[in-house]
Amino acid sequence: MKQKNIDNIIALSNDLRWQIGDEFHDNLAEGIYADAAEIVKGSVHKPNGNKRLRLDAKIDKVLTSKTWGFPLMFLILAVVLWLTIVGANYPSSMLGNLLLDTIHPALKGFASGIGLPWWLDGFLIDGVYLAVAWVIAVMLPPMAIFFPLFTLLEDFGYLPRVAFNLDHLFKLSGAHGKQALTMSMGFGCNAAGVVATRIIDSPRERLIAIITNNFSLCNGRWPTQILIATIFIGAVAPASMAGIASLGAVIGIAVLGICFMFLVSWALSKTVLKGEVSTFNLELPPYRPPRFWKTIYTSIIDRTLIVLWRAIVFAAPAGALIWLISNIYVGDLSLAAWLIQSLDGFGFLLGLNGVILVAYIVAIPANEIVIPTILMLTVLVTGISGGEGAGVMFELESASATGDILRAGGWTLLTAVNLMLFSLLHNPCSTTIYTIYKETKSTKWTVIASILPVILGFIVTFLVAQIWRLF
Amino acid sequence: MNTYNPFNALLIFLGICLLGYLFFRPKHGWFWLIKNNSTTTQKVVAEDILKRLYHNENASNYLNINDVVRILKQDEKMVVESIDKMVTLGWVKMEGDIVRLTKSGSDYALRIIRAHRLWERYLADKTGFNKSEWHQRAERKEHELTIDDTDLLAKTLGNPQFDPHGDPIPTISGKMAKLKGVPVSELNTRTIGRIIHIKDKPDIIYKQIMAENIHIGSIIRIVEKSPERIVFHSEGEAFKLAPIVAGNITVSVLEKDVSYEEDILRLNSLKKDEIGKIIGISKEIRGESRRRLLDLGFVKGADVSIDLLNPLGEPKAYLIKGTSIALRNNQASKILIKK
Amino acid sequence: MEVKPKSGCETCAHFNAAGLKKLGVNTTSFDHIIALAGNPNTGKSTVFNALTGLRQHTGNWPGKTVTRAEGAFEYNNEKYKLVDLPGTYSLLSTSEDEEVARNFILFGKPTVTVIVVDASRLERNLNLVLQILEITDRAVLCLNLMDEAKRNKIEIDSRSLARDLGIPVVPTSARFNQGIPELIQTISEVASGAIVCKPHRIKNIPKNIEKAVEQLSEEIRKEYPDIPNSRWIAFRLLEGDQHIIELLKSGEFEEFMA
Ligand SMILES: Nc1nc2c(ncn2[C@@H]2O[C@H](COP(=O)(O)OP(=O)(O)O)[C@@H](O)[C@H]2O)c(=O)[nH]1
Ligand SMILES: [Mg+2]
């Protein structure tokens with residue numbers, strides 16, 4: 001009986017829908033706005049009409065002008081990066097001193113004092129503790145600078161203007177202007193960038209934005225870029241120019257990432273994603289003065305917590321794993337050495353080496369630990385006296401000491417350049433992969449988003465290596 | 001390792017790339033060729049024959065086997081075999097050498113047409129495929145959809161009456177709304193009408209109409225008619241078409257007393273410091289994007305002006321109901337305004 | 001039924017500062033659910049933070065919040081669970097990015113829906129407000145960003161607005177914590193039933209549609225005499241909303257709407 005009535009209701013609604021025709025939605029929307037206008041007329045008094053504030057309009061004129069729009073955008077990007085790189089130096093070395101040079105030996109001393117067995121001591125202190133300490137020392141300072149700066153820009157209302165300025169380029173590559181926003185989020189963390197793609201309301205452009213978000217260098221990768229650029233690129237430039245040269249190299253990689261993002265977006269929209277819907281609209285909010293101190297405080301506190309959490313959840317097990325594979329022996333080779341040897345040939349073809357590839361496999365959970373892993377494994381295979389034993393990450397108070405170890409491991413300028421490229425172009429970290437799966441609910445797109453950048457990375461490093469060696 | 005040489009490595013790489021290209025390049029890649037070759041089956045041929053017969057019989061054209069072979073551009077043997085089989089199935093009957101549809105044959109044909117037009121509607125509403133691709137895609141899809149698929153599709157699309165070209169979609173019971181239109185080529189000057197249908201065949205003419213950015217729902221007014229060309233005004237622009245092209249556009253003539261507003265423009269033609277009033281959104285913007293525009297305040301009667309120009313020319317930001325909203329030109333061109 | 005809605009100003013005197021406790025993320029065992037709805041970038045997260053003492057990320061661009069966040073506060077010994085929703089322009093569309101907000105307002109059964117609007121863009125914000133008022137009859141309008149409206153020299157008569165909309169209106173500047181006590185007091189009064197709303201219903205609809213809606217909603221009321229929003233269901237059915245149709249067919253409808 002009830003079911004019959006419900007069927008009747010649905011049947012009636014179908015009939016009525018045919019009667020009133022396809023203008024229903026338009027009429028309803030217009031009706032609601034007409035009501036709104038009546039209500040507003042009764043209670044709102046606007047002496048200036050719907051005009052925007054003079055100051056707002058003026059700022060917009062400059063930020064989106066033909067002459068100043070683009071230069072200002074690059075200038076702001078450069079200043080943010082410069083502040084991050086330069087500003088992170090000092091706290092980084094301080095934290096390194098504290099966590100690696102002071103606390104680590106103390107812990108070691110304490111462990112031998114209470115007679116901990118060597119393997120437990122190695123596993124916990126050399127494995128778990130050192131990995132966590134490294135991540136904190138290297139990752140925390142740049143993040144604590146980058147995020148507040150970024151949040152200030154965000155609060156001010158600048159990001160939508162970037163999307164507005166760049167949309168035409170995105171359109172040419174078949175993507176959505178709001179991808180500029182999700183990309184910017186990706187500069188902080190790719191997983192956050194992927195979640196932010198929800199603001200893109202057309203399915204095709206959203207998928208493109210998800211798949212290409214990985215081309216925004218994330219937090220876990222900035223320090224790698226900065227460190228390698230300082231050691232190798234800065235070194236070939238004259239001393240007075242070293243800082244500028246390494247900054248230039250890092251910005252170059254970031255911009256290259258943006259180029260790849262456009263290129264891949266274009267390729268995707270022309271091939272696999274051809275038939276998805278595409279529309280564009282973007283609201284430009286009024287400018288609002290950011291609350292300076294509050295922003296700085298909350299973004300530092302929040303980020304610190306997130307970094308610490310990640311450090312413990314990802315870096316600690318990875319540290320333990322590294323220690324294990326370098327101390328478990330198969331025949332007379334440790335597992336790590338065996339892995340490195342078998343990947344060395346392929347690594348050479350890419351202008352990298354086995355150590356780097358193994359490090360990238362170990363670092364799938366978190367990009368932050370690539371460099372410490374590389375250092376540790378390099379010491380393992382070269383047998384130089386930098387560390388304190390197999391599987392131990394050790395104190396590296398200065399960049400030059402790191403450089404010495406890497407050179408001893410057979411690194412050249414080519415290795416450095418290709419590592420920087422590979423750090424830009426490789427699979428997303430496991431958190432991001434999981435987020436992509438949650439957002440797309442599709443194994444196919446998750447696999448594509450994960451594999452595509454590595455393949456690109458292989459191709460690019462391969463080509464660079466061959467051409468480099470030709471000359 | 002000893003045989004390694006960067007030059008050889010590059011050569012091998014290029015070789016692999018070339019191979020990949022040959023396999024997967026659009027249209028002529030080996031992969032696609034192999035894939036497509038295996039799809040033309042007897043079912044497809046039979047359904048195509050039914051459809052052609054239906055359209056021709058509707059126009060009182062009766063075809064013999066040779067005509068069918070010619071129109072379908074299929075292998076003669078295959079067509080003859082198909083028709084034999086269709087006779088035994090009771091879909092067609094032979095009257096002399098004329099092939100005639102039976103009742104069940106014409107019902108079947110209507111089902112195929114329903115699937116085709118619904119799929120075009122789907123492509124138009126729910127995907128971003130270019131207009132010029134709709135027909136080809138629907139031509140393939142119509143053979144794959146079962147009756148249940150088609151009904152489900154109709155339901156999710158809200159049982160539409162017309163396909164995006166303005167052709168009526170047959171209902172499940174085979175009913176079809178009648179088009180009461182006149183081709184533009186037959187209108188007299190000063191007639192006012194609303195475009196209700198644009199024929200998507202032949203391809204060359206359809207592409208030409210698309211290139212002119214003419215779409216269904218626009219109101220037009222004929223201003224000149226000669227054997228060489230037909231000129232009409234619509235949405236602030238003048239269109240000049242050859243009669244053969246104009247013949248593919250059908251309009252429903254509006255009553256004489258409907259006042260045609262000469263000054264209707266498209267939003268993208270608004271200049272800085274001008275104020276326009278929105279008249280409506282073209283039918284070309286459908287589904288989700290139409291709803292979004294309405295929600296953002298692009299409703300009839302709203303005032304709109306340009307808020308910001310773009311350093312790259314596009315998108316422009318429009319000030320609507322107190323907020324600045326950026327739209328790309330292709331969308332703005334489908335919002336109609338009056339200065 | 002015919003209790004005249006009070007405007008925010010009448011209630012501020014009653015605010016009991018000692019009775020307020022911000023509970024942060026502790027959302028266990030609550031008495032009322034409060035939804036924060038509104039257009040993007042109107043300050044919902046800022047209001048949320050002011051009420052719960054949390055630090056939801058805010059940002060000056062539409063789409064900053066894309067997932068929903070929960071928090072709680074306690075006022076006069078009643079616990080309120082607060083849900084910060086992503087911004088939405090409308091409940092009529094079917095777009096995915098607005099799904100979280102739409103579903104919660106429709107099916108989350110909030111005790112009170114607080115609609116946060118931008119005071120200097122009231123007209124466009126009312127589009128959503130009027131839609132929400134078709135669904136629920138317990139709502140509070142939070143007229144936020146009043147400081148910006150003042151800078152733009154916009155004057156709003158919140159009393160006549162409250163009368164037209166049939167729900168209490170509270171002017172706030174969430175960023176500066178202005179108007180938040182009044183907002184809390186008003187929420188608690190609507191939640192407890194001390195204020196009874198008589199929400200505005202959409203009027204300017206063409207005759208033929210109005211007739212169809214009337215006919216359909218009458219049938220719906222016959223079947224479900226208890227639901228407050230038969231008109232909205234009629235709107236959705238006429239639009240062909242598959243989700244609602246499924247709910248009706250599967251018989252889960254009452255559960256969701258009761
Ligand atoms: N001037 C002013 N700014 C506000 C006020 N409330 C929020 N904001 C700012 O408006 C922006 C958007 O706020 P948010 O809470 O993220 O909005 P949501 O998208 O609705 O959650 C932020 O930059 C806030 O700092 C207010 O009362 N006055
Ligand atoms: Mg928010």
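Which residue is the bridge partner of His45(A) in strand 7 of chain C? The first legend answers this; every view shows a predicted model.

**View 1. Strand 1 of chain A pairs with strand 7 of chain C.** The bridge partner of His45(A) is Glu155(C). Strand 7 of chain C covers residues 155-156. The two strands run antiparallel and share two bridges.

**View 2. Chain A meets chain C.** Chain A brings 58 residues to the contact, and chain C brings 66. Together the two chains bury about 6,100 Å². Carbon and sulfur atoms carry 59% of that area. One salt bridge is found across this interface. Its partners are Glu148(C) and Arg288(A), with the closest N and O atoms 2.6 Å apart. Eleven residue pairs are in polar contact between chain A and chain C, both residues being at pLDDT 80 or more.

**View 3. Elements of chain A that face chain C.** Several elements give two or more residues to this side, among them helix 1 (2-20), helix 5 (118-156) and helix 12 (292-327) of chain A. Strand 1 (44-45) of chain A is also one of them. Helix 2 of chain A supplies the largest share, 16 residues. By class, the side of chain A that touches chain C has 31 nonpolar, twelve polar and 15 charged residues.

**View 4. Chain B meets chain A.** Here the contact takes 48 residues from chain B and 47 residues from chain A. The buried area is about 4,300 Å², with 62% of it on carbon and sulfur atoms. Four salt bridges cross the interface of chain B and chain A. One of these salt bridges joins Lys171(A) to Glu314(B), at 3.2 Å from N to O. Ten residue pairs are in polar contact across the interface, both residues being at pLDDT 80 or more. Elements that supply at least two residues of the side of chain B that touches chain A include helix 1 (6-24), helix 7 (131-141) and strand 12 (303-308) of chain B. Helix 11 of chain B gives the most, with six residues. The side of chain B that touches chain A divides into 22 nonpolar, twelve polar and 14 charged residues.

View 5. Strand 2 (residues 281-284) of chain A joins strand 14 of chain B through four antiparallel bridges. Asn281(A) stands opposite Leu327(B) in this pair. Within chain B, strand 11 (residues 275-281) and strand 15 (residues 335-338) also run antiparallel, joined by four bridges. Ile278(B) has Ile337(B) as its bridge partner there.

Technical notes
Residues are numbered from 1 along each chain as its sequence is written. Chains are lettered from A and ligands numbered from 1 in the order in which they are written. This is a predicted model: local features need pLDDT of at least 70, side-chain atom pairs count only at pLDDT 80 or more; totals for chains, interfaces and linings use all residues. Side-chain values use heavy atoms; hydrogens and water are left out. Contact means heavy atoms within 4.5 Å. Buried area is the accessible area (1.4 Å probe) that two parts lose on being put together, summed over both. A salt bridge is a side-chain nitrogen of Lys or Arg within 4 Å of a carboxyl oxygen of Asp or Glu. A polar contact is a pair of N or O atoms within 3.5 Å; within protein, one must be able to donate a hydrogen and the other to accept it, and residues adjacent in sequence count only if both atoms are side-chain atoms. Ala, Val, Leu, Ile, Met, Phe, Trp, Tyr, Cys and Pro count as nonpolar, Asp, Glu, Lys and Arg as charged, and the others, Gly among them, as polar. Two strands pair if DSSP finds at least two bridges between them.
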